[in-house]
Amino acid sequence: MYKNIKEILSLLQDRTINPEEAEKAILDFYSADLGYAHLDMNREERTGYPEVVFCAGKTVEQNIAIVQKLYEQKGHAFCTKVSYESAEKLLSIYPFAVYDVDAKTFSVGELFKACNRKGLVVIAAAGTSDLGAAKEALRTAEYFGSNVKLICDIGVAGIHRLFAQLDEIRKARVIVAAAGMEGALAGVIAGLVCVPVIALPTSVGYGAAFGGITALLGMLSSCAPGISVVNIDNGFGAGYQANLINRQHS
C-alpha cells in the first residue's frame with residue numbers, strides 16, 4: 001500500500017509503475033469499491049482517524065470483506081454493533097484481534113499503541129444495564145487514542161455511590177455519562193465537575209422510558225451547563241467525541 005499520492009507519482013515518474021497502475025493506485029487510495037460498499041480509504045489522512053465499520057444490517061460475508069480490505073490497505077480496522085456470528089468468523093481469520101462481547105466492538109491492528117494514548121476519558125455508567133453502550137464508548141475512545149477508565153453503577157438512585165467516585169471522575173479531561181431511565185446522571189455530574197460531559201442516553205427502562213427517548217429528552221433539557229448529547233445507545237459517537245476533546249489537550 002502506498003503512503004500518499006506523492007509516492008505514487010514519484011514511482012510513475014521513475015517508471016517503476018505504468019500509467020494504468022498509477023491510476024488504479026490513486027483511485028484505490030481514495031476509495032475501495034466492493035460493489036455493495038465504497039470504503040473511504042482516505043478518511044484517516046483527512047481527519048486523523050479512519051473509517052469505522054457499522055456492522056449491523058450487513059451480512060457476515062460483507063463484514064468480513066470490508067474488514068479484510070481495510071486491514072489489507074491500512075493495517076487496522078475497528079467495527080461497531082458486531083454480532084457474535086460475525087465476530088466468530090472474523091476471529092477465525094484474525095485470532096489476534098479483540099472482540100468485546102458487551103460493547104459489540106471488534107478491532108484488529110492498533111491505531112494507537114498503549115504508550116501513545118493521551119489524557120483520560122472517564123466513562124460513567126449509571127447502572128450495570130447501561131454497560132453495553134458505556135463499553136462501546138470506552139472501546140472507541142481507547143482505540144482512537146485516549147486513556148480510559150470505566151466507573152460502573154453510580155446512578156442517582158444511590159447517589160452516595162457517585163460521590164464515592166468523585167475524586168476519580170474529576171481526574172478526567174472529559175466524561176461520558178451513560179444512563180437510561182430518566183437520564184439524570186449526566187446533569188448531576190455536570191454540576192460537580194469543570195470538564196465537558198457527553199451525555200449518552202441508553203434504551204434501558206420501563207414503558208414510559210420509551211426505549212431511551214425519556215433519557216434523551218431529559219439530557220437535552222438539563223439545566224446543567226457543559227453537556228452535549230449523542231443519540232440513544234450511540235456509544236461510538238460518545239466515545240469518538242470524547243476522544244477528540246481529550247486529545248485537543250495533548
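The buried residues of helix α11 are covered by a set of elements that includes β7 (118-125), α6 (131-143), β8 (146-151), β9 (174-179) and β10 (197-201). Those buried residues are Gly235, Gly237, Ala238, Gly239, Ala242, Asn243, Asn246 and Arg247. All of this is read from a predicted model. The length of α11 checks out too: with 14 residues (235-248) at 1.5 Å a residue, the helix should span 20 Å, and its end C-alpha atoms do sit 20 Å apart.

Five of its five residues are buried, so β10 is largely enclosed by the rest of the structure. In a regular strand, side chains alternate between the two faces of the sheet. Here, Val197, Ala199 and Pro201 point one way from β10, while Ile198 and Leu200 point the other way, and all are buried. Next comes the pairing: β10 runs parallel to β9, with five bridges between the two strands. In one of these pairings, isoleucine 175 has valine 197 of β10 as its bridge partner.

Of the 250 residues, 44% are buried. As for contacts between residues at least 6 apart in sequence, 66% join residues at least 24 apart. The accessible surface comes to about 12,400 Å², and carbon and sulfur atoms account for 54% of that. On the charge side, the chain carries 23 positive and 26 negative charges, whose mean positions lie 6 Å apart.

How values were computed: Residues are numbered from 1 along each chain as its sequence is written. This is a predicted model: local features need pLDDT of at least 70, side-chain atom pairs count only at pLDDT 80 or more; totals for chains, interfaces and linings use all residues. Side-chain values use heavy atoms; hydrogens and water are left out. Helices (H or I, at least four residues) and strands (E, at least two) are DSSP runs, numbered from the N terminus. The expected span of a helix is 1.5 Å times one less than its number of residues. Buried means under 20% relative accessible area, exposed over 50%, partly exposed in between (1.4 Å probe, protein chains only). Contact means heavy atoms within 4.5 Å. Accessible areas come from the Shrake-Rupley method with a 1.4 Å probe; for residues, only the protein chains shown count as cover. Lys and Arg count as positive and Asp and Glu as negative; His and the chain ends are not counted. The place of a charge is taken as NZ of Lys, CZ of Arg, CG of Asp or CD of Glu. Two strands pair if DSSP finds at least two bridges between them.
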